[in-house]
Amino acid sequence: MQLLEYAIRGVPTGCVFALLAVGLVLTYKTSGVFNLAFAGQAYVSAIVYYELRKELELPLVAAGVISILIVAPLIGLLLERVLFRYLRSAGSMAKLVTSLGLLIAIPEIAKLLFGSETRRNPPPLWWVRRTDEWLWPEGATFVLDAGQVATILSTVVVVIGLVVLFRATNLGLRMRAVVESPRLAELSGVDSERVSMAAWMLSSVLAGLAGVLVAPLFASLNPFDLFTLLVAALAATVFGGLTSIPLTFLGGILLGVLQAVLAGTLPTDSVLTNGLRPSLPFVVLFLLLLFRPGLRTTRELTDPLASVDAPPPPPAARARPPWIATSARVFGTVVSLIAVALCWFVLDSYWLGLAISGLVLSVTMMSLIVVVGMGGMLSLCQAALAAIGAFAMAQVVAGTGVPVVLGLVVGVVVAAAIGALLAIPVVRLDGVYLALATLAFALMFQSIFVPLSWVSGGAVPITVPRPVIGPLDLSDDRYFLVFVIVCAVATALVVIRLREGTTGRFLQALQTSDVAAASIGINGPRARVVAFTIAAGIAGFGGGLAAIDLGQASYEASFPYLIGLVWVALLVSAGARSIQAAVLSGLFFFLFPALLDKLFALPGNWVDTNPDAPSWVAGIADAIQPTWAQSVAFILFGIGAITYAKHPEGSIEAQTTASVNAIVRRVEARNDRHRVAAGAGGSAP
Amino acid sequence: MTETTTPHRSSPLRSLAVTAVLATAALLAGACGNSESSGGSTTTSASSPETSALDQTNVPVDQPGVTDTEIRVGGVASVTNPLGGKYGDTFLGARAYFEKVNSEGGIYGRELNLVAERDDKLANNAAEIEALLQQDDVFAILPIATLLFSGADKLVESGVPAFGWTINPEWQGTPEEPKSNLFGQNGSYLCLGCVQPQVPWAAKQAGATKAGVLGYAVPQSSQCADGWEKSFQEYPDAGVEVAFKDSALSYGTTDFSVQVSKMKEAGVDFVVTCIDNTGVVNLAKELKKQGVEAVQFLPNAYDQELLDEFGDLFEGSFASVSFIPLEVEDKPQGMQDYLEWIEQVGGTPNENSIVGWLNAALLVEGLRQAGPEFTQQKVIDAINADTNWTADGFLTGVDWTKSHNQRADVNCTPIVKVENSAFVPQTGADGRPYVCFDIPSGSLEPITR
């Protein structure tokens with residue numbers, strides 16, 4: 001009987017999960033995009049509703065209509081027109097990376113547009129100021145508040161409406177057709193442009209509705225709470241196979257019920273409880289991805305005509321003539337030496353420290369090259385694997401007193417071993433499912449293992465000393481810089497060796513066609529497991545270096561999973577197969593916000609030192625906030641990922657290819673001129 | 001009754017709930033680890049030495065950031081944080097104090113200038129502290145109000161006096177490594193998981209008999225919950241037993257229906273938590289929904305803006321504060337000065353700016369004690385010799401000979417009660433706006449100090 005009581009108590013929370021999950025599934029069904037930016041879109045509508053209802057005191061219906069039925073679809077329309085229309089035939093990775101970029105950029109844009117002040121007590125979608133001001137039925141065993149009633153009613157209406165849309169209307173059928181193949185749909189007379197716009201507007205309405213309904217669950221409004229809830233709801237989307245609305249709804253309800261039943265029945269002071277309860281949604285997600293019948297064989301929503309498209313161009317490094325390659329190497333070496341000399345002699349310890357942190361990050365970025373660029377697997381857990389390497393190293397060094405360099409090796413081995421264990425089940429999943437499984441792993445690691453003191457050290461991070469190698473004390477940042485450069489070069493050589501070796505070629509073949517690769521005897525899963533394991537080891541190495549750099553193995557400071565998502569977006573947009581991109585994106589991650597900081601502070605500093613500056617200049621200086629630096633940096637990181645749609649090879653790779661082509665064209669033109677001149681000279685009497 | 005101040009206060013909890021990840025560590029340290037306030041044996045009055053005129057003897061001093069005319073100071077705060085917490089207001093508080101001192105001619109013939117206000121963005125604390133040490137040429141670093149304090153070791157190594165907001169365990173030293181140059185606004189010892197007599201005392205005041213304890217499944221929060229549980233066990237005089245405890249809540253949970261149902265069944269009438277504001281608000285709503293008449297003890301909810309929105313839910317609840325509450329009728333000199341000068345610099349009274357103010361006040365006190373030929377080390381030593389730092393009555397008293405790494409025998413905490421959506425300071429044995437307990441005695445009887 002008590003079990004039933006707990007189960008019933010879980011239903012309202014289950015409805016919240018269901019609403020968010022149905023929104024994600026709707027977007028996936030109608031656009032083929034697993035839209036992690038759903039939380040960002042929801043956040044914008046929630047802010048608009050807050051401002052209209054609370055600040056402008058508009059009536060409920062007016063505020064609701066504007067925020068959910070006008071603003072939200074306009075955002076959807078904008079995203080479709082500007083971005084996703086170009087991605088209709090793209091693979092799931094391109095779409096997922098683009099949504100990652102939006103996830104990073106949208107909240108920051110919203111902050112710049114609406115201000116970043118704390119918005120307390122978000123109003124419910126009901127005729128009251130606060131959810132608990134309307135209770136029904138009062139005094140009963142089970143009481144619902146205004147927010148819960150609004151959510152339950154909305155979720156039920158949305159589910160019924162969507163089921164009807166997809167099963168009984170032409171529009172629903174067309175939406176599914178356009179997602180399957182816009183080109184085939186057009187051949188059948190469907191206007192894919194209009195259908196796609198309608199689909200994005202509809203899914204965005206649902207995001208807006210979810211944002212407005214879910215916001216009152218929090219004391220104040222912020223995008224991360226919405227994203228945390230969305231991530232918890234992912235299990236429900238997988239329960240529905242990413243396609244079935246009714247099953248997704250059921251999955252959400254079951255998740256809420258299971259959570260409540262476990263909270264009611266498990267002991268509150270056991271290790272099992274401490275680990276399992278907070279991580280339940282992620283454990284369920286992970287298990288569903290591994291064991292849900294039919295999921296491995298479920299074909300992803302990709303355009304069957306995509307295979308007739310031209311294959312992507314080969315990397316510039318391979319396509320360029322040998323003389324350009326030699327020149328580039330010489331040029332690159334000279335530039336690198338000059339950069340090192342600048343770091344050694346010119347930079348102060350602040351900029352030197354940032355440059356070192358950037359180079360350290362580039363090592364972890366190289367792990368992404370192996371797993372994403374070469375393996376074609378969008379891993380979202382590299383930050384967790386880096387943390388594993390850092391913790392293993394820190395615990396071994398602190399516990400046994402072994403030298404830090406040896407500790408680094410232990411970190412690599414532990415991270416690689418855990419990576420291998422994770423890879424065995426995970427590499428059999430495709431595209432978005434693999435991304436979700438690795439994200440679930442990252443979240444499980446965060447919820448279950450990071451709080452354990454034998455893993456992370458507990459409340460205070462474990463201190464990691466800088467090593468002393470022979471006469472070199474790496475406490476001196478300049479020596480440490482050299483050490484990090486050596487480590488980065490060694491990692492790059494491993495990656496290049498892997499890329500040029502058998503495994504690299506197998507992976508390349510697998511990226512082109514799984515079936516064709518299998519037909520010539522390539523064992524796809526084995527090659528992927530090898531790649532994933534090596535990438536995990538490299539991530540562990542990068543994590544260890546990051547801990548040495550910071551002086552402590554701190555999950556919060558160095559490896560949170562959200563920062564890991566930013567790394568992925570950054571590297572993939574720069575070029576997921578390029579060492580150069582890994583190094584530059586690592587440096588960019590640390591140096592760019594600091595440079596922007598300086599840039600935004602310039603006007604204010606100038607006015608301070610020039611009291612006679614014109615008032616309009618002072619006005620501009622006042623308006624520019626140095627604190628914009630972080631927001632602008634993240635918006636640009638996000639926009640970088642969005643450009644992935646146009647340049648799937650990455651912006652740096654695209655730039656390199658363009659430069660190589662330009663040089664080759666110029667040289668060929670010059671040779672032609674010489675030939676013509678020589679021909680003319682030769683024919684002269 | 002002259003109290004008209006309506007401060008906007010921000011709690012570390014709200015501000016620190018950054019991301020699900022970044023938040024949990026720092027947030028809960030803030031929630032449950034109010035730095036230990038102890039104090040010596042004397043009381044502070046408006047005419048204490050802290051308010052006496054500052055010496056203007058200007059002798060050459062060869063120290064970083066010191067010229068004949070100024071003493072340069074720089075700080076770092078998580079100005080940019082995802083929730084828009086008002087960490088940057090700590091700069092305003094420090095500036096307000098320096099303005100006050102400079103209006104009186106400065107100290108040793110020099111002005112105090114806050115020359116660097118750095119934003120550590122997302123966990124760039126170590127880098128920004130490096131920049132303060134290397135680029136900004138400062139004599140002292142203050143305020144430090146950051147989500148994470150990864151630059152603590154750098155600061156300790158540098159030996160530069162540093163002052164900030166004690167919400168991270170890194171502020172705290174050990175007997176082996178006392179971190180004697182790091183000064184929190186109210187002591188540096190966090191004492192996570194310590195027995196806190198003020199909790200059973202508040203429960204007793206509320207006439208409670210059965211307590212419920214809630215915490216998140218992260219180290220700081222669960223340690224804090226263990227501390228609450230131990231507090232009830234160590235003080236049986238309160239007559240309160242822990243009838244329900246759940247320290248395995250997931251961060252970000254919004255549903256407390258099962259916990260409240262169990263607490264209702266167990267007859268809980270007093271709930272103490274180590275969770276963030278969203279948590280305590282949702283908990284209060286659920287208590288109301290299920291008709292549970294229980295009072296909450298809110299370790300870090302001294303925040304008028306919170307009450308403006310949710311005050312009725314917390315009627316009768318208690319909150320602890322790390323300084324003398326602004327609502328006291330007889331305002332100490334330090335608070336009067338703060339209210340006057342924070343307005344002068346265009347700020348609003350809130351917890352963050354109070355921290356900045358207290359940090360700046362402690363530096364000036366250290367300079368004053370160090371004498372005209374001051375050095376960084378002399379300032380550190382002078383502060384560490386102070387046995388009763390009260391910031392002109394703004395604090396209950398910090399004994400800096402102990403407050404880096406150990407708990408004082410006498411624990412004094414200002415406690416407020418929510419009445420009609422406002423905070424009402426509770427008085428101790430001697431009528432002062434804080435309650436003191438003699439920890440070794442194990443007695444729950446407030447003592448006079």
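The paragraphs below go through the predicted model, from its confidence to its chains and their contact. Residues are numbered from 1 along each chain as its sequence is written, and chains are lettered from A, with ligands numbered from 1, in the order in which they are written. Because the model is predicted, local features need pLDDT of at least 70 and side-chain atom pairs count only at pLDDT 80 or more, while totals for chains, interfaces and linings use all residues.

The model scores ipTM 0.87 and pTM 0.89. The pLDDT is the predictor's confidence in each residue, from 0 to 100. In chain B its mean is 86, and 87% of the residues reach 70 or more. Over residues 1–34 of chain B, however, the pLDDT is below 50, and this stretch has 134 contacts in the model beyond near neighbours in sequence. Two residues are in contact if their C-beta atoms, placed from the backbone, lie within 7 Å. Where pLDDT is low, the predicted coordinates should not be read in detail.

Chain A is assigned domain 1 (2–299), domain 2 (350–594) and domain 3 (655–679); such bounds come from an automatic or database domain assignment. The centres of domain 2 and domain 3 of chain A, taken over C-alpha atoms, are 41 Å apart.

One residue to look at in chain A is Leu434(A), which sits in helix H18 (residues 431–449). Helices (H or I, at least four residues) and strands (E, at least two) are DSSP runs, numbered from the N terminus. Is Leu434(A) buried or exposed? Leu434(A) is buried, because 25 other C-beta atoms lie within 10 Å; the cut-offs are 20 or more for buried, 12 or fewer for exposed, and partly exposed in between, with C-beta atoms placed from the backbone. Leaving aside neighbours within four places in sequence, its contacts are Met377(A), Leu378(A), Val426(A) and Leu429(A).

Chain B holds an open sheet of five strands in the order E2-E1-E3-E4-E5, with parallel pairing. Two strands pair if DSSP finds at least two bridges between them. Strand E2 (111–119) and strand E5 (182–184) of chain B each have a single partner strand, so one side of each is left without a neighbour in the sheet. Strand E1 (residues 70–77) of chain B pairs with E2(B) over eight bridges, and Val76(B) stands opposite Arg118(B) in E2(B).

Finally, the two chains meet: the contact takes 57 residues from chain A and 57 residues from chain B. Helix H1 (2–31) and H18 are among the elements of chain A that give two or more residues to this side.
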